[in-house]
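Open the structure in your viewer and keep the selection tool at hand. This tour moves from stop to stop, saying what to select and what is there.

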Amino acid sequence: MEGKRALALLCVLWSVFCVTECVRRDGTRRRRRETCADDGLYSSSSGLQCCRCPIGHHLVRDCTSNGTAPECDACERGSYLDHANALSKCEPCKTCGVNDNMIEEKRCTPASNAMCRCMDGYYCDKGAECKVCYPCSTCEFGIKVPCNLTSDAQCHEQGPNTTTASIKIPILIIAFIIIIIIAAVVYLWKKKLFCFKPPEPLKTPEPLDLLIDKDLGEFLPKISEILGVRVILQVVRQQRLLSEGVIDNITVENPHDASERAYHLLKAWYEKHGKTGAYRTLRENLIAIGKRSKADEVRELIGERENNNVT
């Protein structure tokens with residue numbers, strides 16, 4: 001009989017313990033929910049729902065079970081966070097620079113950013129986006145509305161009592177400028193300078209045979225002899241049809257024979273340019289680098305060959 005009473009007593013005690021533990025755990029969960037309700041929850045990389053870090057703190061390590069607080073650390077000096085968050089670092093504080101004509105009105109704290117305002121004699125009308133202050137305007141005819149931190153001064157317009165000096169000075173300046181212009185025109189006209197130069201004599205037009213496309217293929221060996229490797233290099237580089245790599249390859253392949261090097265350079269240029277307009281381009285480039293005599297020799301060579309073909 002006593003054994004049954006002892007067993008019944010144990011059952012009652014166990015029931016009381018279970019009820020008490022359930023109430024305790026439910027209260028703990030409720031307190032955690034109430035704690036997180038202020039700052040809210042975020043989803044961690046492991047899928048857990050963690051409480052956000054409070055204002056003025058940043059996240060160091062995620063929580064290890066649902067509804068619990070993660071490891072947070074206070075913002076360091078010079079940084080802040082003004083809202084509950086799950087950020088790994090704090091925002092840098094705003095700086096109020098003297099070069100921007102601003103001074104600090106409220107210091108930065110871990111929980112709030114710094115607040116700046118314009119220095120005396122400066123204003124900014126951009127509200128919260130203000131990053132630099134501008135000097136207040138000065139009024140020649142008096143101030144209508146004074147300058148303040150958020151708006152520039154408003155000035156009175158010019159009054160009816162305009163002084164004679166304010167009219168005479170601009171007129172004198174304009175008259176002085178006109179006199180200088182007339183004197184400069186007379187000087188240039190006497191010296192025959194700029195637009196007063198006499199017309200220059202017309203340049204002798206290039207021969208009409210330049211208008212005809214000539215196939216230089218058969219003339220390349222002879223032209224390369226007339227021009228030489230240095231002049232051909234100047235022509236090739238003047239027009240930039242051949243890359244330095246191609247020029248170097250031709251030089252390497254013909255290191256000891258300047259005539260062969262000149263011929264292959266001229267041939268490569270001609271193939272790159274094409275027959276159309278090659279004769280004219282070659283002559284124009286020769287003249288451009290100061291080799292008109294060479295250009296005339298090439299013209300005589302081609303003209304002589306054509307005359308021989310006609311006869």
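**Stop 1: a buried cysteine and its partner**

Select Cys-124. With a relative accessible area of 5%, Cys-124 is buried, because the cut-off for buried is under 20%. Keep in mind that this model is predicted.

A disulfide joins Cys-124 to Cys-130, with 2.1 Å from S to S. The link is right-handed, with 135° about the S-S bond. Cys-130 also counts as buried, at 8% relative accessibility.

A core of 7 residues includes Cys-124, along with Met-102, Cys-116 and Cys-133.

**Stop 2**

How many disulfides does the count come to? The count comes to 9 disulfides.

Select Cys-50 and Cys-63. A disulfide joins them, S to S 1.8 Å. The torsion about their S-S bond is about -75°, so this disulfide is left-handed. Cys-50 lies in strand 2 (residues 49–51), and Cys-63 in the loop between strand 3 (57–61) and strand 4 (71–74), so the pair ties together parts 13 residues apart in sequence. Both cysteines are buried.

Move on to Cys-93 and Cys-108. Their sulfur atoms are 1.9 Å apart and form a disulfide. The torsion here is about -55°, so the disulfide is left-handed. Cys-93 sits in the loop between strand 6 (91–92) and strand 7 (102–106). Cys-108 sits in the loop between strand 7 and strand 8 (115–118), and the two cysteines are 15 residues apart.

Is Cys-93 buried or exposed? Cys-93 is buried, with a relative accessible area of 15%. Cys-108 is partly exposed, at 24%.

**Stop 3: Ser-79**

Select Ser-79, in strand 5 (residues 79–80). Ser-79 is buried, with a relative accessible area of 12%. A polar atom of its side chain lies 2.7 Å from the backbone oxygen of Glu-76. Beyond residues up to four places away in sequence, Ser-79 touches several others, including Cys-93 and Cys-108 from the last stop. Glu-91, Pro-92 and Thr-109 are also among them.

**Stop 4: the annotated transmembrane span**

Select residues 169–189. The unreviewed UniProt entry places a "transmembrane region" there. The span is 100% helix, and its end C-alpha atoms lie 31 Å apart.

**Stop 5**

Select helix 5, residues 258–273. Its 16 residues reach 22 Å from first C-alpha to last, close to the 22 Å expected at 1.5 Å a residue. Buried residues here include Arg-261, Leu-265, Leu-266 and Trp-269. The buried residues of helix 5 pack against helix 3 (220–239), helix 4 (244–253) and helix 6 (278–288).

Zoom in on Trp-269. Leaving aside neighbours within four places in sequence, its contacts include Val-236, Leu-242 and Leu-282.

Now show the largest nonpolar core, with 29 residues. Those with the most contacts inside it are Leu-216, Ile-223, Leu-227, Trp-269 and Leu-282. Helices 3, 4, 5, 6 and 7 (292–310) each supply at least two residues of this core. Helix 3 gives the most, with 9 residues.

Gly-274 takes a positive phi of about 95°.

Methods: Residues numbered from 1 in each chain as written. Predicted model: local features only at pLDDT ≥ 70, side-chain atom pairs only at ≥ 80, totals over all residues. Heavy atoms only, no water. Helix = DSSP H or I, 4+ residues; strand = E, 2+ residues; numbered from the N terminus. Expected span 1.5 Å × (residues − 1). Buried < 20%, exposed > 50% of the residue type's maximum accessible area, 1.4 Å probe, protein only. Contact = heavy atoms within 4.5 Å. Polar contact = N/O pair within 3.5 Å; in protein donor to acceptor, adjacent residues only side chain to side chain. UniProt positions renumbered as here; feature names shortened; annotations may be inferred. Core = buried A, V, L, I, M, F, W, Y, C linked by side-chain atoms within 4.5 Å. Disulfide = S-S within 2.5 Å.
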